[in-house]
Amino acid sequence: MTETSRIRNFCIIAHIDHGKSTLADRLLELTHAVADRDMREQYLDKMDLERERGITIKAQAVRLTHQAGGQTYELNLIDTPGHVDFTYEVSRSLAACEGAVLLVDAAQGIEAQTLANFHLARDAGLVILPVLNKIDLPAADVEGTAAELAELVGCERDDVLAVSGKTGEGVTALLETVIAKVPPPEGSRSDPLRALIFDSSFDTYRGVIAYVRVKDGVLRTRAKLHAAAARMDWEAEEAGVFAPEAVPVAELGPGEVGYLVTGLKDVHQVKVGDTITSQGRDRAHEPLPGYREPKPMVWSGLFPAEGGDYGALRDALDRLKLNDAALVFEPETSGALGFGFRCGFLGLLHMDIVKERLEREFGLELIATAPNVEFHVVRGDETIVVHNPSEMPHAGTYDRVEEPMVLATIITPSDFLGAVLELCQGRRGEMVDMKYLSTTRVEVHYHLPLAEIIFDFFDQLKSKTRGYASLDYESWGYEASELVRVDVLLHGEPVDAFSSVVHRDKAASYGRAMVERLRELIPRQLFDVAIQASIGSRIVARETVKAKRKDVLAKCYGGDITRKRKLLEQQKKGKARLRRVGRVDVPQEAFIAALRVDQGERR
Amino acid sequence: MSAGIYVHVPFCLTRCGYCDFNAYAGLDHLRPRYVRALLAEASLAAAAWDGEEVVSVFLGGGTPTTLDAADLKAVLVHLRERFAVTHDAEVTIEANPDTVDAPKLTALLESGFERLSMGAQSFDTAVLASLERVHGPDAVRRAMAAAREAGHANVSLDLIYGAQGESLASWERTLREAIALAPEHVSAYALTVEPSTPLGRQIALGARPAPDPDLQADMFGLACQLLGEAGYGHYEVSNWARPGFECRHNLGYWERRPYLGLGAGAHSYRDDRRWWNVRPPEDYLRQVEAGRVPIGGEERLEPSDAYLEEVFLRLRILEGIPSSWVEPQTAAPFLESGLLRRADDALVPTERGMLLLNELVLALAG
């Protein structure tokens, strides 16, 4: 156990691609945490998925030791997820720190995500160390970006450090600054135990692993523990630290960061943000502040592409849920897609990750409905929560519908300001304020419906600003809105999977677009197929897929008979992959293509 | 059971862009060896077909008429020696208008080729060009006249519709020209794009448009109408004939009677076994010259395969399938929508049904 005076707990806040993982690699090397021969790039991003996407999903805490002024310091580097989907997780990681390195790419400048996490860190009372990265790049604008950063943090230009994660330049100075400026943790060994769970993961052999920061008291291996929010009693099978591989320790004292092997089999019993204390009379009276239940923001129906895989999908979701406390799902039966699950996600990235893991790790082929937000339908004193557009009641049966709003922060080069404002206005946005970060960069705040953001907003923003703008957002409550449900009918039968809730002003054009898209995707049948979009009983768009007239092999002689029979057998197999909606056969691919939201890389 | 013999001649003057048959231009030097090999293969195969009555012989290709009349005659004489070819057997040879003249047509008739199947394809110069056929419409008229003059009394014309550049009006002209020549038999095929052909590749690359299936459907309707009015009976999806002139050999395929195929890539069928010769002419020659049966592969039809073929072929020749083969509720929607009709105790495709035959087969046999 280390004296609190020689402990520093800090994290690195950075926008995607601003070099956080590379800097972490240098810190590991410089503190000899990893032997040279074991070093690999992005050491801390363990999962394959993380490595490929270059992002960090799970927080990690690494203990580094560093000598300075004749003393040995214990530095706990707490890695935080950088994506807007995981704001709550970020806030819990920040709560485990006393300081934050605000890392900005000297060639890119401050981005929206940097800003959002900076505000979170400042609100959490952390000491902020502004650092420029990638100063070795020819395009680096060290002076300009340093000025921007000093202005944001409210410090002197000289307080802004400059490093290169790639070459290692300035990294030793950074470590020394962390020791000098980040305050040591407070907390007393003699107080009742209070430790914050800031993340968790699931290990097949050892059960749930909790990542903890001890605030008060001492957390010992074999201690009998109580989790306040989960109201669970369990025993610490093992306490340890990541250095960076797991190393068991006898105890974690105040201010220390490490892991706990809980032996529990369900990650839901170990909630991020929960407080761990002792059982019995040593129990702390007040849990640590800030806990909340994970709240899904985006919903989508997931269905097995091949009919029979429902059980496999359920098992896979159950397995994923073991180490993803934010994932929620409930069975859903779709007239068009059969048995599946309506799943709730923290955001689009979270949704993509879950879908990708289901497909990659469990080998499932999925059809996902277009993502939607949670609507509140108010009728008198009653509020109905709707997660599925096809369950949205029709207009006239309720008083109002409310939809979730966000406060979006967009940073863009001023050249593209017009395009950004136009995009936001077009998405029912209301500008809150706007300020120039420098003569060439603008920060804009907008109130936007979340529903407008989860479609192709981010892609549009990137394409309209040649990739330069960045976006972050936070929840901003619910507001009443003129929303209507648009249904799509095939040959007179509504197809639940295609229902959507959209703003009244956009409903007709949405319906038209959907109908036109489907007209291209639905193969000709033996009869004319009407494709219609309706709002209530009013048809707002209609297209027809004309009946197929010719499907016959022209020639069939001698040797051809074998080949023609095989063609027919192939055609038969193709038919087996069709889903029947009423009388209409719809290929799987049509569902996938019609429901796809082209988001490109969402980050 | 009355069998047929098919003889494949893989030589062509040129290769047409749409054709995926086992046919080659520029292999003319192989012709003498090939004729000898055909004779040798027939001798090898004959024992197994001993006692099987052969009611039709069909020389197809490629272009069989690229062979000399004497060689063709030798082949036919040899077959008659080795097999129980009946005396009134139907003996057909495919002829390309450019490879026949009056003396050759006379020689063919005298040798016993009493049925002539002429690859006319179209009477529209632009359509012929788009099909990469080397002959013009006049060549067809001349060849037809020469055939009649030589005494040929059983001539079939092959037509293709739906090629790039063909309109309903030009197809109508082609049909009327064909009818005016008064052949005994007409085959009219919708142009089918095979991916492995130059045409297929051009379409896949977007360099040429794919045939429009709706236009082809209209063209089929027009063929049914005009040929019907001219007294031709529609007896298979793509075949029409004056009464009594239906092609016995081809009916053999569709009625699932046995057939022996001789020559490169030719298929044979007997007792639910189908086998085929190696395709490349050189390979075929080497095998036969070494005294081996030049077999390239075979399949044994499972009962389910055989059933699918039976249904599919019976529907093609408008014989239809017995009502008892199909659950009434399966057939009902097709009877209602007019794709099937009831004839005595059989379910028979209507004209519209013929165009959607694949759908019908899958629904009724699937």
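These are my notebook entries on a few places I looked up in this predicted two-chain model.

**Ground rules**

I number residues from 1 along each chain as its sequence is written, and I letter chains from A and number ligands from 1 in the order in which they are written. The model is predicted, and I use local features only at pLDDT of at least 70 and side-chain atom pairs only at pLDDT 80 or more, while totals for chains, interfaces and linings use all residues.

**Entry 1: domains of chain A**

I began with the domain assignment of chain A, which gives domain 1 (4-181), domain 2 (194-282), domain 3 (298-369), domain 4 (376-481) and domain 5 (484-583). Such bounds come from an automatic or database domain assignment. Taken over C-alpha atoms, the centres of domain 1 and domain 5 of chain A are 52 Å apart.

**Entry 2: where chain B touches chain A**

How many residues does each chain bring to the contact? I found 34 from chain B and 20 from chain A, with two residues in contact if their C-beta atoms, placed from the backbone, lie within 7 Å. On the chain B side, the elements that each supply at least two residues include β8 (185-190), α8 (213-229) and α11 (303-316). Helices (H or I, at least four residues) and strands (E, at least two) are DSSP runs, numbered from the N terminus. That side of chain B has 18 nonpolar, nine polar and seven charged residues. Here Ala, Val, Leu, Ile, Met, Phe, Trp, Tyr, Cys and Pro count as nonpolar, Asp, Glu, Lys and Arg as charged, and the others, Gly among them, as polar.

**Entry 3: a helix pair across the chains**

I then checked α13 (residues 560-576) of chain A against α11(B): they pack at about 100°, with axes 10 Å apart. Axes are lines fitted to C-alpha atoms, for helices over the stretch in contact, and angles run from 0 to 180 degrees between N-to-C directions. The two helices are therefore roughly perpendicular (65 to 115 degrees; under 35 is roughly parallel, over 145 roughly antiparallel and the rest oblique). Ile561(A), Arg565(A) and Leu568(A) meet Asp305(B), Leu308(B), Glu309(B) and Phe312(B). By class I get four nonpolar, no polar and three charged residues.

**Entry 4: a helix pair within chain A**

Next came α9 (residues 417-426) and α11 (residues 457-464) of chain A, whose axes come within 9 Å and cross at roughly 160°. Why do I call them roughly antiparallel? That crossing angle is over 145 degrees, so α9(A) and α11(A) count as roughly antiparallel. On α9(A), Ala419(A), Val420(A) and Leu423(A) meet Gln460(A), Leu461(A) and Lys464(A) of α11(A). This contact has four nonpolar, one polar and one charged residues.

A reminder to myself: most residues other than glycine have a negative phi, and most peptide bonds are trans.

- The peptide bond from Gly61(B) to Gly62(B) is cis, with omega near 25°, and Gly62(B) lies in the loop between β4 (53-61) and α2 (69-82) of chain B.
- Arg428(A) has a positive phi near 65° and sits in the loop between α9 and β24 (430-436) of chain A. Arg428(A) is partly exposed, because 19 other C-beta atoms lie within 10 Å (buried means 20 or more, exposed 12 or fewer, partly exposed in between, with C-beta atoms placed from the backbone).
- Ala182(B) has a positive phi of about 55°, in the loop between α6 (168-180) and β8 of chain B.
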